[in-house]
Amino acid sequence: MTTQTFPAEALTGFLLLPPGLTASQALAGLLFLGFVAITLAGAVVATGARRLVRSVAGLALCFLGVAGLYYYLASPFVALMQILIYIGAVCVTIIFAVMLAETADQERQVERKPVMVFLGLAGSAAITAALAWVALGTKWTGAPAAPEAGSLEKVGQSLLTTYSMSFELISVVLLVAIVGSLVLARAGRDK
């Protein structure tokens, strides 16, 4: 019995690739754009939903897209930490607080004042311009070499030496999430 292999030229012709771009580069680009789309869709849901639970679900989707971007950039450990900390801890804590504070038929009545919308758009445009300025002014180097497969002991040493500041900041993020959740739950009891 003979096996047939799928010719790469067929995939290249199917995707209508520009000259000089291989099928694997095109698929990597599509994967990157997919993660960007997931991140943006989650952000839109998080900011536009009327129910807090849906907003938190959008936030979790946004964090998942960011984790995918980390994985795409050859940082699987950071991607895993993104999922564990931001989705597994922060979003779940907020969901518990929202479920304690908000009834099922309660919707947020958000008044969108034009001044606040303008300030939000201006702030977003300023941040986007600053990030674009930094990105365009940076001399980008090639992709780093693949990291060595580390044992749990090496990961623990890195967290307590090289990445100790990041490790401490994660605890601050978790503390802020817990305090915010308690504030939400307390506000729900007062209603």
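Okay, let's start with burial: of the 191 residues in the protein chain, 17% count as buried, where buried is under 20% relative accessible area, exposed is over 50%, and partly exposed is in between, with a 1.4 Å probe and protein chains only. Before I go on, this is a predicted model, so local features need pLDDT of at least 70 and side-chain atom pairs count only at pLDDT 80 or more, while totals for chains, interfaces and linings use all residues. Residues are numbered from 1 along each chain as its sequence is written, and side-chain values use heavy atoms, with hydrogens and water left out.

Now the overall layout. The protein chain has seven helices and zero strands, going by DSSP runs numbered from the N terminus (H or I, at least four residues, for helices; E, at least two, for strands). Read from the N terminus, the order is α-α-α-α-α-α-α. The accessible surface comes to about 14,500 Å², and 72% of that belongs to carbon and sulfur atoms; those areas are from the Shrake-Rupley method with a 1.4 Å probe, and for residues only the protein chains shown count as cover. As for contacts, meaning heavy atoms within 4.5 Å, take the pairs at least 6 apart in sequence: 62% of them join residues at least 24 apart.

Let's walk along helix α2, residues 23-48. Its 26 residues should span 38 Å at 1.5 Å a residue, and the end C-alpha atoms are 37 Å apart, which agrees. The expected span here is 1.5 Å times one less than the number of residues. Which residues of α2 are buried? They are Ala23, Ala26, Phe35, Thr39, Gly42 and Ala46.

Two of those deserve a look. Phe35 is buried, with a relative accessible area of 18%, and leaving aside neighbours within four places in sequence, Phe35 is in contact with Gly65, Gly68, Leu69 and Tyr72. Phe35 and Gly65 are 30 residues apart in sequence, yet 5.0 Å apart in space, C-alpha to C-alpha.

Leu27, Leu30, Leu31, Phe32, Leu33, Tyr72 and Leu73 form a nonpolar patch on the surface, with about 640 Å² of accessible area together. Five residues, the largest share of that patch, come from α2. Patches are built from residues with over 30% relative accessible area and no salt bridge, joining like charges within 9 Å and nonpolar side chains (Val, Leu, Ile, Met, Phe, Trp, Tyr) within 5 Å; a salt bridge is a side-chain nitrogen of Lys or Arg within 4 Å of a carboxyl oxygen of Asp or Glu. Leu27, for one, is partly exposed, with a relative accessible area of 42%.

On to α3. Its 21 residues should span 30 Å at 1.5 Å a residue, and the end C-alpha atoms are 30 Å apart, so that agrees. Its buried residues include Ala60, Cys62, Phe63, Gly65 and Leu69. What covers the buried residues of α3? The cover includes α2 and α4. Just after α3, Ala74 takes a positive phi of about 65°.

The largest nonpolar core has nine residues in all: Val56, Ala60, Phe63, Ile87, Val90, Cys91, Ile94, Val98 and Ala177. A nonpolar core is a set of buried Ala, Val, Leu, Ile, Met, Phe, Trp, Tyr and Cys residues joined through side-chain atoms within 4.5 Å. The elements giving two or more residues to this core are α3 (52-72) and α4, and the largest share, five residues, comes from α4. Not counting residues up to four places away in sequence, Ala60 touches Ile87 and Cys91.

Last stop, Gln82, which is in helix α4, residues 76-101. Buried or exposed? Gln82 is buried, with a relative accessible area of 7%. Not counting residues up to four places away in sequence, Gln82 touches Phe63, Val66, Ala67, Tyr70 and Ile87.
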